[in-house]
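Dear colleague,

Please find below the sequence and structure that I am handing over to you. My findings follow directly after them.

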Amino acid sequence: MYKITESDEKIIIKGIKDFDPIHIFECGQCFRWNKEEDGSYTGVAHGKILNVYKDGEYIIFDQTTKDDFINLWMNYFDLKRDYGMIKENLSKDPILKEAIKHGQGIRILNQDEWETTISFIISSNRGIPVIKKSIEALCEKYGTYIGVYRGRKYYDFPTPKQLLNCSEEDIKQSHTGYRAKYIVNTTHMIEEAHVDLYGLKNLSTHDARNELLKLSGVGPKVADCILLFCMGKYDAFPIDVWVKRVMEYFYLPEETSLKKVQLFSQEKFKNLAGFAQQYLFYYARELGIGKKSVDS
């Protein structure tokens with residue numbers, strides 16, 4: 001176990017294994033964490049501002065209390081899970097053993113279902129800098145103001161109620177493009193309880209995925225991102241261009257169908273498929289595997 005020290009709105013943790021802010025925030029699972037000049041990351045989650053910094057064997061969480069750390073951030077950062085055991089299991093595969101070396105500090109965040117759903121609808125067919133810009137614009141325009149940190153104003157992610165009366169043109173002002181229609185439609189579906197978004201984690205992965213696919217703008221890849229990054233469905237295996245290319249590079253013939261990639265990953269990685277996906281995604285990006293395909 002690790003030691004927790006509280007000091008001046010900071011929580012200092014010694015002994016967290018398998019935790020690297022760069023790996024956590026740069027592995028494609030979240031969009032509201034940004035790197036500061038000092039190498040730390042500042043973000044907003046669950047209506048709170050947090051700054052995270054790694055200094056040797058210490059992880060420093062700034063702008064929080066011990067109570068919030070225990071009741072909120074421990075779950076958010078998945079700190080009760082033994083990632084050493086996960087990596088040991090996955091490392092039986094020599095390709096994953098190498099991939100894990102590049103992203104050894106990844107942890108899968110437990111994010112909010114609504115924010116994750118809209119964020120990944122916005123993410124469709126876009127690069128991460130543009131996704132972040134759209135999400136921040138949406139938050140600044142419609143979200144609740146939280147406060148200032150290091151001279152920057154921060155806003156919470158807008159709730160379904162805050163977006164309910166927005167038109168497609170309103171949403172487009174946040175640089176969402178054609179996805180504005182999906183956001184408007186999905187907002188109404190959630191607010192009118194056509195899909196019980198916060199109850200889906202209680203369903204099987206298969207049934208939860210089918211419910212998510214009812215939402216406007218949610219296809220198989222976005223559905224699997226939602227399942228993995230906020231619903232604890234660790235057998236989900238989101239497949240984007242990077243992941244498809246790395247799977248073809250190491251495991252499968254080129255031009256393998258998405259369905260066959262999905263079936264192969266589920267059979268090979270089973271209930272650890274989501275963790276395998278994160279290590280492979282980070283590995284692919286670090287090595288530039290599939291880059292030509294992405295850029296073309």
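A residue is called buried when its relative accessible area is under 20%, and exposed when that value is over 50%, with partly exposed in between. Please bear in mind that this is a predicted model.

Gln262 belongs to helix H13. Because its relative accessibility is 16%, Gln262 counts as buried. Setting aside residues up to four places away in sequence, Gln262 touches Asp224, Phe237 and Ile239.

Ile146 is located in strand E7, which covers residues 145-149. Beyond its neighbours within four places in sequence, Ile146 has contacts with Val44, Gly47, Lys48, Ile49, Tyr154, Tyr155 and Asp156.

Strands of a sheet pair through backbone hydrogen bonds, in either a parallel or an antiparallel manner. Here, six strands form an open sheet in the order E1-E2-E6-E5-E4-E3, and the pairing is antiparallel. Its edges are strand E1 (3-7) and strand E3 (33-35), each of which pairs on one side only. From one strand to the next, the twist averages 20 degrees. Within this sheet, strand E2 (residues 10-14) and strand E6 (residues 58-62) are joined over five bridges in the antiparallel sense. Ile12 stands opposite Ile60 of E6. Helix H2, residues 66-76, lies across E1, E2, E3, E4, strand E5 (48-55) and E6, and runs at about 80 degrees to E5.

The largest pocket has a volume of about 920 Å³. It is lined by 36 residues, and those closest to its centre are Lys221, Ile239, Asp240, Val241 and Trp242. Two or more lining residues come from each of helix H5 (113-123), helix H6 (128-142), helix H11 (220-230), helix H12 (241-250), helix H13 (258-269) and helix H14 (273-287). H11 contributes the most to this lining, with six residues. Sorted by class, the lining of the largest pocket holds 17 nonpolar, 11 polar and eight charged residues.

The second largest pocket contains about 260 Å³ of space. Of its 13 lining residues, Tyr2, Lys17, Leu79, Arg81 and Arg107 are the closest to the centre. The lining of this second largest pocket comprises six nonpolar, one polar and six charged residues.

How many cavities of 30 Å³ or more does the structure hold? There is one cavity of that kind. The largest cavity has a volume of about 120 Å³. Its lining consists of 15 residues, with Cys30, Val44, Tyr76, Gln111 and Glu115 nearest the centre. Strand E4 (41-45) and H5 each provide at least two residues of that lining, and the largest share, four residues, comes from H5. By class, the lining of the largest cavity divides into seven nonpolar, five polar and three charged residues.

With kind regards

Terms used: Residues numbered from 1 in each chain as written. Predicted model: local features only at pLDDT ≥ 70, side-chain atom pairs only at ≥ 80, totals over all residues. Heavy atoms only, no water. 1 Å grid on protein atoms, 1.4 Å probe; cavity = no way out; pocket = protein on both sides within 12 Å on 5 of 7 lines; lining within 4 Å. Points joined across faces, edges and corners; volume = space filled by probe spheres on them. Nonpolar A, V, L, I, M, F, W, Y, C, P; charged D, E, K, R; others polar. Contact = heavy atoms within 4.5 Å. Buried < 20%, exposed > 50% of the residue type's maximum accessible area, 1.4 Å probe, protein only. Pairing = 2+ DSSP bridges. Axes fitted to C-alpha atoms, helices over the stretch in contact; angles between N-to-C directions.
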